[in-house]
Amino acid sequence: MSSDPAPQVIDDRLVSLSPADGSQVAVFDVAGPEEVAAAVKVARETQAWWWEQGIAGRRRYLLKVRSLVAERMPELLDLMRAETGKTPSDARTEVATALEHLNWAPKHARRVLGPRRVRTSLVLIDHSAHLEYRPYGVVGVIGPWNYPVLTPMGSIVYALAAGNTVVFKPSEYTPAVGQWLADAVTEVVGRPVLQAVQGFGATGAALCAADVDKLAFTGSTATAKKVYAACAEAMTPVVLECGGKDALIIDRDADVAAAADFALWGGLFNAGQTCIGIERVYVHTEVADRFLARLVERAGALRVGAEPDSQVGPITMPRQLDVIAAHLADAAERGATFALGGTDSVRPPYVHPTIIVDAPEDSRAVREETFGPVLVVNRVASADEALTRANALPYGLGGAVFARADGMRIARGMRSGMTTVNSALAFAGMPRLPFGGVGESGFGRIHGDDGLREFAYAKSIARRRLRQLFPLLSFDRAEKHNRLIDRLMRVRHR
Ligand code: NDP
């Protein structure tokens, strides 16, 4: 079933190919453990200089990077399209969202990470308390191919703003996009605060073992577990942004037309190759027929192809076509029906929009990441039944709710790191909202205040500024001091 355009090795070099037509996009040397270690060494030497620039200096540089990316956006969009097959609209949405983060993180680094005084405690009133956030040093970033700009930049920009330097291993499917980003940063900063190391999984594994001070991984749950285990060896802290199987719950009082429109976009945007993409829909039986009618009508009208006005592009990773086909076949065998498409929807390198209805909850299309333009729509008797089903998987990344009266309650009941109400995927474009999952979707956060703190450690300083009022921190404490402490504690805490 798979068509050819997977990255190739020719003369030991990595060759990236267009998934749409198999043409060659770029060629890179593969970095082995020695090259990766050398890049980490350079990053470590550069980090001292980067830290010396101060929060204000880093802000100036990173905002210039933002302006450069905005100015050269057409060039970047072309490269993204060539390596992933994304439609122009999908690529544009991704870069626009990444630019919001490039703009936000440097501007908020001082507020979130800068030195501040905090209140001391009653018994240590003779001390002042100081809190600041220090960079880890060198951060390794490993990224996926499906959002080759937004996902790595969600770690890179926040790590750089916090004062770290970064060594970045892009996916083997999108090395040229990764290189473009590193080159843009180097052009502005003039020093290698961000370097790309190219290669396959082994290069990522080498980065985990290369004495980095923190590792930010975005990719599948299966690889995340390998990364986590490799990093445990040196107790390297990790942030893991992994896969999901996000659910959309539609309650009986929902705006059904809007729910269908957002379900379609949330599920089929980027040809369904989205970690936070809607893959399962649980719709109240009272509105299910109306919802399905509109969903099928809209999905059936989407343009599939590689033309500039296409709405669903090719599947980037050829072997995913086999996974999608297997999910469709399994659903058919298990008694699900198809409201649109069917087992013949996979036509390499494309998958045509497909709506599966009433798939068993233990079928592959309900339990595993399909990562294609496929939605499963299952009917439920109540929003609470939908929540039970939505929460039944080990994943917990994002999700969505369409409801009028009960939207916030249902959203809070969803076991996931992020949920939208009466919308889809919106949290990813809001720099103030932390991004990340629970369970097998990973841990740690990028974006927002938490995303800045993810790439820094808290440094607490307690400074004695007065003579000790009573010798709490001393062996000279007398019985009268103990009595005073007892009295104080009774007054304060009883
Ligand atoms: P993979 O897990 O296959 O790869 C992710 C990255 O890890 C790639 O750069 C890959 O290199 C590298 N890698 C592979 N093996 C190792 C190893 N042993 N040690 C270190 N690094 C390694 O994921 P995909 O690239 O296929 O991305 C799709 C997945 O990413 C989906 O599951 C999706 O849900 C998830 N994702 C999660 C997001 C989130 O924010 N939670 C956002 C976007 C995607 P190479 O490509 O060369 O094999």
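Start with the open sheet. Three strands form it, in the order β1-β2-β3, and the pairing is antiparallel. Strands here are DSSP E runs of at least two residues, helices are H or I runs of at least four, and both are numbered from the N terminus. Two strands pair if DSSP finds at least two bridges between them. The edges are β1 (8-10) and β3 (24-29), each pairing on one side only. From one strand to the next, the twist averages 30 degrees. Angles run from 0 to 180 degrees between N-to-C directions, with axes fitted to C-alpha atoms, for helices over the stretch in contact.

Before I go on: this is a predicted model, where local features need pLDDT of at least 70, side-chain atom pairs count only at pLDDT 80 or more, and totals for chains, interfaces and linings use all residues. Residues are numbered from 1 along each chain as its sequence is written, and side-chain values use heavy atoms, with hydrogens and water left out.

Back to the sheet. Three antiparallel bridges link β1 and β2 (residues 13-17). Q8 stands opposite V15 in β2. Helix α6 (residues 175-189) packs on this sheet and touches β2 and β3. Contact means heavy atoms within 4.5 Å. The direction of α6 makes about 65 degrees with that of β3.

Next, β6 (residues 138-142). How many of its five residues are buried? Five, so the strand is largely enclosed by the rest of the structure. Buried means under 20% relative accessible area, with a 1.4 Å probe and protein chains only. Both faces are covered: V138, G140 and I142 on one side, V139 and V141 on the other.

β6 runs parallel to β7, joined by five bridges. V139 stands opposite V166 in β7. T165 also sits in β7 (residues 165-169). T165 counts as buried because its relative accessibility is 0%. Its side chain reaches the backbone oxygen of A43 at 2.8 Å. Beyond four places in sequence, the contacts of T165 include R44, W50, V138, V139 and V193.

Last, the largest pocket. Its volume is about 930 Å³, the space filled by probe spheres set on grid points joined across faces, edges and corners. A pocket is an open set of points on a 1 Å grid over the protein atoms alone, where a 1.4 Å probe fits, with protein on both sides within 12 Å along at least five of seven lines; lining residues have an atom within 4 Å of a point. The lining counts 38 residues, with W145, G219, S220, T223 and R319 nearest the centre. Which element gives the largest share of the lining? That is α8, with six residues.

Notes
Buried < 20%, exposed > 50% of the residue type's maximum accessible area, 1.4 Å probe, protein only. Polar contact = N/O pair within 3.5 Å; in protein donor to acceptor, adjacent residues only side chain to side chain.
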